[in-house]
Amino acid sequence: MIADLKPYPAYRDSGLPWLGKVPEHWKQRRTKFLFRERVQKGYPDEPLLAATQSKGVVRKDEYGSRTVTATKDLHLLKLVEQGDYVISLRSFEGGIEVAHSRGIISPAYTVLAPKKEASHGYYTHFFKSPDFIRSLTLFVTGIREGQNIDYERLSRAYLPLPPPDEQAAIVRFLNWANGQLEKAIRAKRKVITLLNEQKQVIIHRAVTRGLDPSEPLKPSGIYWIGDIPEHWEVRRVKQVARILRGKFSHRPRNDASLYDGIYPFIQTGAVAKASKFITSHNQTLNEKGLAVSKLFPSGTLVMTIAANIGDVAILTFEACFPDSIVGFVPSLAADRDYLYMVFLCMKPELLREAPVNTQGNLNVERIGGMWMPFPPLPEQLEIVAGIDKESSPITTAISRFEREIELLREYRTRLVADVVTGKLDVREAAAKLPDEAMPDLSDNDSVEALEDEPFEEEALV
């Protein structure tokens, strides 16, 4: 059905370079005529909300493990109704977010309530389209280190306005199409999960028993390790590596004056998303940012100790990171890649070590005191090579499925953009859709880590 979509019969120039041509019968209206700004305050008993790029505007208690700092005066927070749209005037890389619940949010946000012409849900998709997001740069004011969206200018900007029944058709079609694509993505994620479990079994066996199954064993005395080869030792992490905590002492962390320099800055999400090596970054610090942080060398083994606890990866470039990440400098008797493999197996123990009364955060002392299996250095190198060889087909398969997921996401983004801007006509397709329940998309793209979304860093209320 998606492949059969065609353009509209006739188009006209919208007069907006970022939008181009639109269907001839579509109207255009200034933003302020489609949405009114909601400025009500004084609702302290309403639930706190958080604005996220991956889930929209949700209740704070649905915000996962992240914490949101509460202001002393809840009367100052803005009211948000379900179906409203929330703009971060500073961090707008993810577009404009729709509210899924009624509640209150930081006064740093602008809240837009849709008027009748814009109440069909069409703009929920439109505000997340790349074409519209790129257009937001037209309304930016200030210098690079303090840019904001000028809401007054944005309110005068024109938006496309399809007829009401067409808005409904677009929403119906995109909900269905997104559901079908998400089903495919989830199926591939499940396969990746199974493959990773298979790989984990290979790693765990190798780092606790070695590569020679005939090797005599002895009890390690550590329940998660079990028996180990007789000539191995068990050592505490602090005995085989120096642990260095990341640093970012400035608050608020999203202060724009610290960013856009030459020093890569990673957060816990980059570690979580890395298959082993961190090869890219989304943020950089300038000299001012570097002064409140710390630069770690390429090749550093890093571990998350807050938010997504126990994820490990290896830097492939110099980078700074906050104190929610620690770096390891192996001793001369320890191989970095062997430590990486052991830490992968230690994640359940790291989670158990995290104290529940401090949002699950670990600290350097707890990590340093944990026990690990420790063979001689030449054997560590052999184990790493053996794991790489045995798990290579699995790693290749995982990479293939991840690439397929990436292509599906790219296709979904392009499809949404083409439909909401009128490049494709979905009226007939929407009318033919079955009345089946849409799949639950609440977990949509949840693999993306929340902390790496600067939009969320401003969710402090």
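Me: Is the crossing of α9 and α11 left-handed or right-handed?
Reply: Happy to start there, with the note that this is a predicted model. The axes of α9 and α11 come within 8 Å and cross at roughly 60°. Asp337, Tyr338 and Met341 on the α9 side meet Gln380, Ile383, Val384, Ile387 and Asp388 on the α11 side. As for its hand, the crossing of these two helices is left-handed.

Me: Are α5 and α9 roughly parallel or roughly perpendicular to each other?
Reply: Let's take the geometry of this pair step by step. The axes of α5 and helix α9, residues 336-353, come within 9 Å and cross at roughly 115°. Angles from 65 to 115 degrees count as roughly perpendicular. The relation of α5 to α9 is therefore roughly perpendicular.

Me: Which residues of α9 make the contact with α5?
Reply: α5 passes α9 in a left-handed crossing. From α5, the contact uses Gln200, Ile203, His204 and Val207. From α9, the partners are Tyr338, Met341, Val342, Leu344 and Cys345.

Me: Where in helix α11 does the kink lie?
Reply: Helix α11 covers residues 377-420 and has a kink of about 55°. Just after α11, glycine 422 takes a positive phi of about 80°. The kink itself comes shortly before proline 393, at serine 391.

Me: Which residues does glutamate 390 touch, leaving out those up to four places away in sequence?
Reply: Glutamate 390 lies in helix α11. With 43% relative accessibility, glutamate 390 counts as partly exposed, since that value falls between the 20% and 50% limits. The C-alpha atoms of glutamate 390 and isoleucine 202 are separated by 7.7 Å, although the two are 188 residues apart along the chain. Its contacts beyond four places in sequence are Ile202 and Arg205.

Me: Which element gives the most residues to the largest nonpolar core?
Reply: This core has 45 residues, and those with the most contacts inside it are Phe35, Tyr123, Phe126, Phe127 and Phe173. At least two residues each come from β8 (85-88), α2 (122-126), α4 (151-155), β14 (158-161), α5 (164-209), α11 and α12 (427-431). With 7 residues, the element that gives the most is α5.

Me: How many residues does the other core have?
Reply: First, a look at phenylalanine 127, which is one of the residues with the most contacts inside the largest core. Beyond four places in sequence, phenylalanine 127 touches Phe35, Tyr85, Gly95, Ile96, Phe132, Ile133 and Leu159. Apart from that core lies another, with Trp224, Tyr340, Ile367 and Ile383 among its members, and its residues number 39.

Me: Is histidine 125 buried or exposed?
Reply: Histidine 125 is found in helix α2. Leaving aside neighbours within four places in sequence, histidine 125 is in contact with Val171, Leu174, Asn175, Asn178, Val416 and Val420. Its C-alpha is 9.6 Å from that of isoleucine 96, a residue 29 places away in sequence. Because its relative accessibility is 12%, histidine 125 counts as buried.

Me: What is the relative accessible area of proline 160?
Reply: Proline 160 has its place in strand β14. Setting aside neighbours within four places in sequence, its contacts are Leu19, Trp26, Lys27, Gln28, Tyr122, Tyr123 and Phe126. Proline 160 and phenylalanine 126 are 34 residues apart in sequence, and their C-alpha atoms are 9.4 Å apart in space. Proline 160 is buried, and its relative accessible area is 1%.

Note on methods: Residues numbered from 1 in each chain as written. Predicted model: local features only at pLDDT ≥ 70, side-chain atom pairs only at ≥ 80, totals over all residues. Heavy atoms only, no water. Bend = angle between axes of the 7 residues up to and from the residue. Helix = DSSP H or I, 4+ residues; strand = E, 2+ residues; numbered from the N terminus. Core = buried A, V, L, I, M, F, W, Y, C linked by side-chain atoms within 4.5 Å. Buried < 20%, exposed > 50% of the residue type's maximum accessible area, 1.4 Å probe, protein only. Contact = heavy atoms within 4.5 Å. Axes fitted to C-alpha atoms, helices over the stretch in contact; angles between N-to-C directions. Parallel < 35°, antiparallel > 145°, perpendicular 65-115°, else oblique. Left-handed = near helix turned anticlockwise from the far one by under 90°.
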